[in-house]
Amino acid sequence: MSLCIIGAGTAGLCCARHGIEHGFQVTVFELSDQIGGTWVYNQETGVKNGIDVHSSMYENLRTNLPKEVMGFPDFEIPKNDVSYVRSDEICDFLNQYAEHFGLKQYIRFNSYVIRVLHKNKKWQVLVKDLLTNQIEFKYFDKLMVANGHYHTPNYIRIPNMDRFQGDFLHSHDYRTSGVFKDKTVLVIGAGPSGMDLSNIISRSATRVTLSHHLKDIGQTKFYENVHQKPDVKELDEKGAFFVDGSYEEFDTIFFCTGYKFAFPFLTVDSGIYVEENYVQDLYKQCINIRNPTMALIGLPFYVCAAQMMDIQARFILSYYNGSNQLPSREEMLKETQTAMSKLWADGYRKRHAHMLGPKQIDYFTDLAETAGVKNIKPVMTKLHNESSKCFNDNLLHFREDNFTIVDDETFVKLN
């Protein structure tokens, strides 16, 4: 049974590892010339050789989660004295993982997947070798899409954007804070990257204004030249009017507004479509209900990502190798629609469909019990929740915290 995996980042690597273990003939197509996906730093931005630069990594990035929750269930990041590590250390770890499980021989680097088409009960993958420019068709029984979701910027629309005469930048194309030297900057969005980057760029910028509508970060402390504002009402040539009636002038508007889920290689008849960042229709947020031999890895966010990707891979492969049988299409659709209806009733919007946060343990348990696979250790979600709280409560110094895991249920904060 042949298995195609798109992407050799965190998700693709654990899919490959478990796919090989389950006896599949595995081929991994990777756009770049190295493994690591999101964690690979690339100085370039924009478009290169006609293809959008995939990387969103900026210089000197340190993780905003402790490394203790960032390893795989049975392959942890090596212990050291620091919990919040540099991005290149995560890359090194992923290379160690690939080396340990002998994965590199299955990866075809510099391979650009142009199109995926369901044809004659197989997946036809049209792929271009970026070194030779040769294009070929390959056929696979199963397909796992692991192309990440930090590559297609989400720009929100602000009234009169076309009037603003300053610069626009999205965090996807941010690399170093020097670009903001002596500038007044309006940061749009107060997710983890917006909050973190506001402090980072404030070391170079004259003034940073963080615009958002969140209610729970009002007490968060920022550096002295960062202040908070509500949502932008509209722009003019020189600045922004806010919904509270105030006005400020800016040199640059910096969008930290997240990313769109994008699968440009999937045809319209793939069974997958995206509406307001809600990817449909998926069984348990990963298996394509209309074409179940395709799965999408790593969509849920605010999670222990590597842990989640690992249990998703094991869950999916338990069906692909015949150990488990999927419910009927009608049953999968009904279950999914029931779960989503509960979310909408609780006030969530479509863009929150894949957001888990504290609910991630319920998701892991559901996967484990449904497929009969080993669950994620409870300590992972407990530490993830604690570190998320520390991020909000102590933004300036949370990376000074260090943790150690005692057992499957318990962690200790060392300082």
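1. What percentage of the 415 residues of the protein chain count as buried? The share is 52%, where buried means under 20% relative accessible area, exposed over 50% and partly exposed in between (1.4 Å probe, protein chains only).

2. The model is predicted: local features need pLDDT of at least 70, side-chain atom pairs count only at pLDDT 80 or more, and totals for chains, interfaces and linings use all residues. Residues are numbered from 1 along each chain as its sequence is written, and side-chain values use heavy atoms, with hydrogens and water left out.

3. Seven helices and 24 strands make up the secondary structure of the protein chain; helices (H or I, at least four residues) and strands (E, at least two) are DSSP runs, numbered from the N terminus. The radius of gyration is 22 Å, close to the 22 Å that the globule rule gives for 415 residues, so the protein chain is as compact as a globular protein of that length. This radius is taken over C-alpha atoms, and the rule is 2.2 Å times the number of residues to the power 0.38.

4. Helix 6 (residues 360-371) has its end C-alpha atoms 17 Å apart, which agrees with the 16 Å that its 12 residues should span at 1.5 Å a residue. The expected span is 1.5 Å times one less than the number of residues.

5. In helix 6, Gln360, Tyr363, Phe364, Leu367, Ala368 and Ala371 are buried. They cover an arc of only 130° around the axis, which puts them on the same side of helix 6; the arc is that of the directions from the helix axis to the C-beta atoms. Asp362 and Glu369 are exposed on the face turned away from that buried side.
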